[in-house]
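Hello,

Here is the structure for you to look through. Please open it first, then read my notes below.

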Amino acid sequence: MKIKTKLNLGVGLLFIMIIILSLVAAFYIFSIKKDTENILKANYNTLEYSRNMLLSLDEINGNEEKAVIIFETNITKQIANITEAGEDKATYNLQKNFDLLKDSRTDETLKSQIRQDIFKIMKLNMNAIKEKSDIAKHTAETANFWIAVTGTLCFLIAFNLLVNLPNNIANPIKELTDSIKQIANKNYSQRVHFMNHNEFGDLAKSFNTMAEKLQEYNNSNLYKLSFEKKRLETLINNMHDPIIGLDNQGLILFANDEALKIIGLKSEDVMGKLVTTLALTNDLMKSLVIKDLSNEKQKSLPMKIFADGKESYFEKETINITIKPTGEDQIIDIGNVIILRNITVFKELDFAKTNFIATVSHELKTPISSIKLSLQLLEKAETGNINEDQKQLIESIKDDSQRLLKITGELLELSQLETGNIKLNMENSNPYEIMNYAAEAVKVQAEQKQIELVVETDQNLPDIKADSEKTAWVLINFLTNAITYSTENSTIIVKVINENHQVVFQVIDTGKGIDTRYKTKIFDKYFQVPGSQKSGTGLGLAISKEFIEAQNGIIGVESELGLGSTFYFKLPSNVH
């Protein structure tokens, strides 16, 4: 429990008990006062009136008017002060007899009767005084009891605070004072060992953290730290990749020579400046710090920067630097390091590869087309009769030619994509026409494996803004793959539906499906599912992805191993 809570509870309880004691004392003092005032008012005054009436009664003889007036005055006061049971009857009898005495003032019998009435009134009030005195005594005894109980509780609480509070406060302070003296004497291994869950426990934890840091600092070698700092700066400056270090407030801590070279600024113009301030006047710095969260694809593209007298390509990598301070539990963020990896050499090789593939593919298409034309001539009856072996050989050559032609076509499409030369003919396209064209294109291939193509479409599908040729190419690729990986006498479903202002094309097969491990890689270039028949280049789906995303569409696959696959793409409709 916290010391503050203990103090609040102890002192607060003592304060409440003192208030209760005061209230109890005040209550019983008021009660006793009320009882005594009641005796004085109700009974003592009656005795006084009775005494005056007795004295005046003895003086009533003949024409003594003064004694009569005194008696009348006191009996009137007595009538107004009737308080006890039976007192009213005696008083009114007294009044009656006195009225008779006024007419016969020498009648001793009446005087004797009046004295008896007065004595009766006095007796009633004397008894009442005794009863009320007993009540006041009982009230006083009760007051003594409760005041004693409350006072005892106040004493116990105060005694407990007196005994425990000084030790609870003084002992930790004494131990902390001794530890501070040890720290002052450079004994940094000193620790405070009270770890209660109160303010002193928090103070001890902070003190031990301070002592640990002081010990760490005392054991460190400042020369060694300075040497290591210079060595690290030299290492960073000699790296070929531009590197910029920022603190958690965006202040530039360091920038190596390569970074300064491509930024075009001097060290003194950069160090200690806010990166956001530099971004206002330096386009490269602006491109390094601005995060375009709305376009993840653009973020992954390499940065093209003029460096080393030519256009160079860099990949930006931001590394978040965190540390766990000594003696603390939480990890804190101390800044970021921006690294620009120079990939110019790899980019040049990639360009060379792409150009080579494009050139080779283009050169191969002509002889392959000639081979196909020659095969068509051989199959004509005018050319001459051929036997079964020759026919099988021609069919084999035809299949290989078709496969080579498909591969070269995909390689050409890929080279266009990689060089950014892809041209889209965006126009209002009818989804029914695209679907029918694709289904007709693979009809013969499906019939050869006795596969049924089932077409399911929504009615009144809206047009889409798309390149119908490229879109049909993607759908044909989906259907060709479905036919390839489906068994004979199976069914492939082609669905075209309207969903949330998008037209969705789906190709559903009942093949062996795709393992979950490979679904994220299925659209990567050159990737083919392990164990599948290697009938292509692994480029079809990668090209399909590029075609659909270039039209602001979405492409994907849903598949369970052994339950078939559903390849789909979505394109925005013209109806909003």
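In which kind of crossing does α2 pass α3, left-handed or right-handed? The crossing is left-handed. Keep in mind that this is a predicted model.

**Helices α2 and α3**

Start with helix α2, residues 65-79. It packs with α3 at an angle of about 160 degrees, and the two axes are 10 Å apart. Angles over 145 degrees count as roughly antiparallel. Therefore α2 and α3 are roughly antiparallel to each other. From α2, the contact uses V68, F71, E72, I75, Q78 and I79. From α3, it uses E87, T91, Y92, L94, Q95, F98 and K102. By class, the residues of this contact divide into 7 nonpolar, 3 polar and 3 charged.

Now find N97. Its place is in helix α3, which covers residues 87-103. Is N97 buried or exposed? N97 has 11% relative accessibility, so it counts as buried. The cut-off for buried is under 20%. The side chain of N97 makes a polar contact with the side chain of D117, at 2.8 Å. Leaving aside residues up to four places away in sequence, N97 touches L110, Q113, I114 and D117.

**Helices α14 and α16**

Next, go to helix α14 (residues 431-441) and helix α16 (residues 468-485). Their axes come within 9 Å and cross at roughly 45 degrees. That angle makes α14 oblique to α16. The crossing of α14 and α16 is right-handed. Which residues meet here? On the α14 side they are I434, M435, Y437, A438, A439 and A441. On the α16 side they are S468, T471, A472, L475, I476 and L479. This contact of α14 with α16 has 10 nonpolar residues, 2 polar ones and no charged ones.

**Helices α16 and α17**

Stay with α16 and look at its packing with helix α17, residues 540-550. The axes of α16 and α17 come within 10 Å and cross at roughly 150 degrees. That makes α16 roughly antiparallel to α17. The crossing of α16 and α17 is left-handed. In α16, the contact is made by K470, W473, V474, N477, F478 and N481. In α17, the partners are G540, L541, I543, S544, F547 and I548. How many residues of each class does the contact of α16 with α17 have? There are 7 nonpolar, 4 polar and 1 charged.

Best wishes

Note on methods:
Residues numbered from 1 in each chain as written. Predicted model: local features only at pLDDT ≥ 70, side-chain atom pairs only at ≥ 80, totals over all residues. Heavy atoms only, no water. Axes fitted to C-alpha atoms, helices over the stretch in contact; angles between N-to-C directions. Helix = DSSP H or I, 4+ residues; strand = E, 2+ residues; numbered from the N terminus. Parallel < 35°, antiparallel > 145°, perpendicular 65-115°, else oblique. Left-handed = near helix turned anticlockwise from the far one by under 90°. Contact = heavy atoms within 4.5 Å. Nonpolar A, V, L, I, M, F, W, Y, C, P; charged D, E, K, R; others polar. Buried < 20%, exposed > 50% of the residue type's maximum accessible area, 1.4 Å probe, protein only. Polar contact = N/O pair within 3.5 Å; in protein donor to acceptor, adjacent residues only side chain to side chain.
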